[in-house]
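Colleague: I have the chain open on my screen. Walk me through what is worth a look.

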Amino acid sequence: CINHCPTGALSEVDQTDEVWTMLDDPTKHVVIQTAPAPRASIGEYFGLEPGTPLTFEMNTAIRRIGFDAVFDTNFSADLTIIEEGTELLQRLHQSLTGESPATQLPQLSSCCPGWIKYIEYFYPEMLPLLSTAKSPQQMFGAMIKTYYAEKRGIDPKNIVSVALMPCTAKKFECSRPEMTASGFQDVDFAITTRELVKMMRESGIDLPKMPKSGFDEPFGDPTGSGVIFGATGGVMEAALRTVLELVTGKKVESFFENADIIPVRGFEGIRLAELPVTEVGPVPELLSHLFTDFEWLKGVTLRVGIAHGTANIHKVMEDIKNGGIFSTCHFIEMMACPGGCLGGGGQPIPTSPEIRAKRAKAIYSEDAHYVVRKSHENPQVLQIYREFLPEGPCSHKAHALLHTHYTPRDGSSG
Ligand code: SF4
């Protein structure tokens, strides 16, 4: 059925009535985070070409609907990259120095709930390979009801946190019982592109005619790295930009023109890339609580993998199980939908390889226009570490708020 998530994770339940009820309640402070993939596709509902960017028109429309603040999920994608990249360095350190021979590599990405549910069902014995970093949606939820609530002086019990996502599996993710790090349900509602368009139509809003407006503080300035999360290979590229710079102390542009890590881009269902670490620099302050030097990484060739679509994910998982080439990778990005989130189940229908390619082009061109294109250079993310998570990435507090655990499931546990 076209209204079902292609991962089979969940069918779409319309939650617009519940969101309207919250918007009508004057005691509630209703905020929304918007993911990059819906922004590259929403114009299709208004007769525009796939990939027509409407990010800033959409911000105005969202405020007219009645939301109190609009944030960009790209912002917490930067937080995800710092936590997930740090975790990767920790696993590499344990493995390469022999500190912990049982270290679980390859680290598998964890930001796609369709993929998480898949591995929980079909490969529960391989769950220790999954990064413990939460997805950007859930990291943002935890920060909104803690850091943001504190900064704005709002009682978190009166905050309603909505997420605009390309994906019906995100609805399941936000209702997982472990996603309550803030002391409340971190994200109250995940709505799809289709549901937001319905709310716009109910409000008589013609999106392309809206004036432009920016995102709200204190999360106003994401980086290009967050934007590319929406395309297959994007999480990997964002992570590599950060990991390579933190480890070598050199600009990633000195290895890859314009910081475009082309070897991990593309639409092939399964991809492999190798990146030799020929030099290392001093440990940056951000990671000084975890490492004294990076000498142990010098001369190592980082091997990374990418798979999108469940059939391809299945092939890679079987390959790892059988000790094939993917079992020698250090990090693998898995996205359940063909093309990544830009082909997600909450996106406009129909979708095709050509449409997905246009949406990807929009995402990469948005990335290219950002002044700051690396997660670890996001000044507001660094401010969060200084003010709120002073012990740094992957510290105790960061783990409590920004990391999670997974549950082996069988066919009946759902
Ligand atoms: Fe959702 Fe993106 Fe995963 Fe598809 S690839 S299930 S849209 S998170």
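Modeller: In helix 3, the buried residues are Thr-55, Glu-57, Met-58, Asn-59, Thr-60, Ala-61, Ile-62 and Ile-65. Keep in mind that this is a predicted model.

Colleague: How many of the 11 residues of helix 3 are buried?

Modeller: Buried here means under 20% relative accessible area. Helix 3 is largely enclosed by the rest of the structure. That is because the number of its 11 residues that are buried is 8.

Colleague: Which residue just after helix 3 takes a positive phi?

Modeller: Look at the position that follows the helix. Its phi is about 125°. The residue is Gly-66.

Colleague: Which residues of helix 8 are buried?

Modeller: Helix 8 spans residues 193-202 and is mostly covered. Of its 10 residues, 7 are buried. They are Thr-193, Arg-194, Glu-195, Leu-196, Val-197, Met-199 and Met-200.

Colleague: What do the buried residues of helix 8 pack against?

Modeller: Both helices and strands take part. The strands are strand 4 (159-165) and strand 5 (189-192). The helices are helix 1 (16-24), helix 2 (36-39), helix 3 (55-65) and helix 7 (169-174).

Colleague: Is Gly-214 buried, partly exposed or exposed?

Modeller: Gly-214 sits in the loop between helix 8 and helix 9. It touches Phe-56, Asn-59, Arg-63 and Val-70, leaving aside residues up to four places away in sequence. Its relative accessible area is 36%, so Gly-214 is partly exposed.

Colleague: Which proline is joined to Glu-217 by a cis peptide bond?

Modeller: Most peptide bonds are trans. In this bond, omega is about 10°. The proline lies in the loop between helix 8 and helix 9. It is Pro-218.

Colleague: What is omega for the cis peptide bond between Leu-105 and Pro-106?

Modeller: Pro-106 is placed in the loop between helix 4 (73-96) and strand 3 (107-108). A cis bond joins it to Leu-105. Omega there is about 0°.

Colleague: How do helix 5 and helix 11 lie relative to each other?

Modeller: Helix 5 covers residues 113-122, and helix 11 covers residues 310-321. Their axes are 12 Å apart, and the packing angle is about 45°. The two helices are therefore oblique to each other.

Colleague: Which residues in helix 11 does helix 5 meet?

Modeller: Helix 5 passes helix 11 in a right-handed crossing. The residues of this contact divide into 5 nonpolar, 2 polar and no charged. From helix 5 come Trp-115, Tyr-118 and Ile-119. In helix 11 they meet Thr-310, Ile-313, His-314 and Met-317.

Colleague: Of the 12 residues around the ligand, which come nearest?

Modeller: Take the whole shell. It divides into 7 nonpolar, 4 polar and 1 charged. The nearest are Cys-112, Pro-113, Cys-167, Cys-337 and Cys-341.

Colleague: What is the relative accessible area of Asn-258?

Modeller: Asn-258 lies in the loop between helix 10 (234-248) and strand 6 (270-276). It has a positive phi of about 60° although it is not a glycine. Asn-258 is partly exposed, with a relative accessible area of 48%.

Colleague: Does Cys-394 count as buried or exposed?

Modeller: Cys-394 is in the loop between helix 13 (379-387) and helix 14 (396-402). Its phi is positive, about 60°, although it is not a glycine. Its relative accessibility is 9%, so Cys-394 counts as buried.

Note on methods:
Residues are numbered from 1 along each chain as its sequence is written. This is a predicted model: local features need pLDDT of at least 70, side-chain atom pairs count only at pLDDT 80 or more; totals for chains, interfaces and linings use all residues. Side-chain values use heavy atoms; hydrogens and water are left out. Axes are lines fitted to C-alpha atoms, for helices over the stretch in contact, and angles run from 0 to 180 degrees between N-to-C directions. Helices (H or I, at least four residues) and strands (E, at least two) are DSSP runs, numbered from the N terminus. Angles under 35 degrees count as roughly parallel, over 145 as roughly antiparallel, 65 to 115 as roughly perpendicular and the rest as oblique. A crossing is left-handed if the near helix is turned anticlockwise from the far one by less than a right angle, and right-handed if clockwise. Contact means heavy atoms within 4.5 Å. Ala, Val, Leu, Ile, Met, Phe, Trp, Tyr, Cys and Pro count as nonpolar, Asp, Glu, Lys and Arg as charged, and the others, Gly among them, as polar. Buried means under 20% relative accessible area, exposed over 50%, partly exposed in between (1.4 Å probe, protein chains only). A residue is near a molecule or strand if one of its heavy atoms lies within 4 Å of it.
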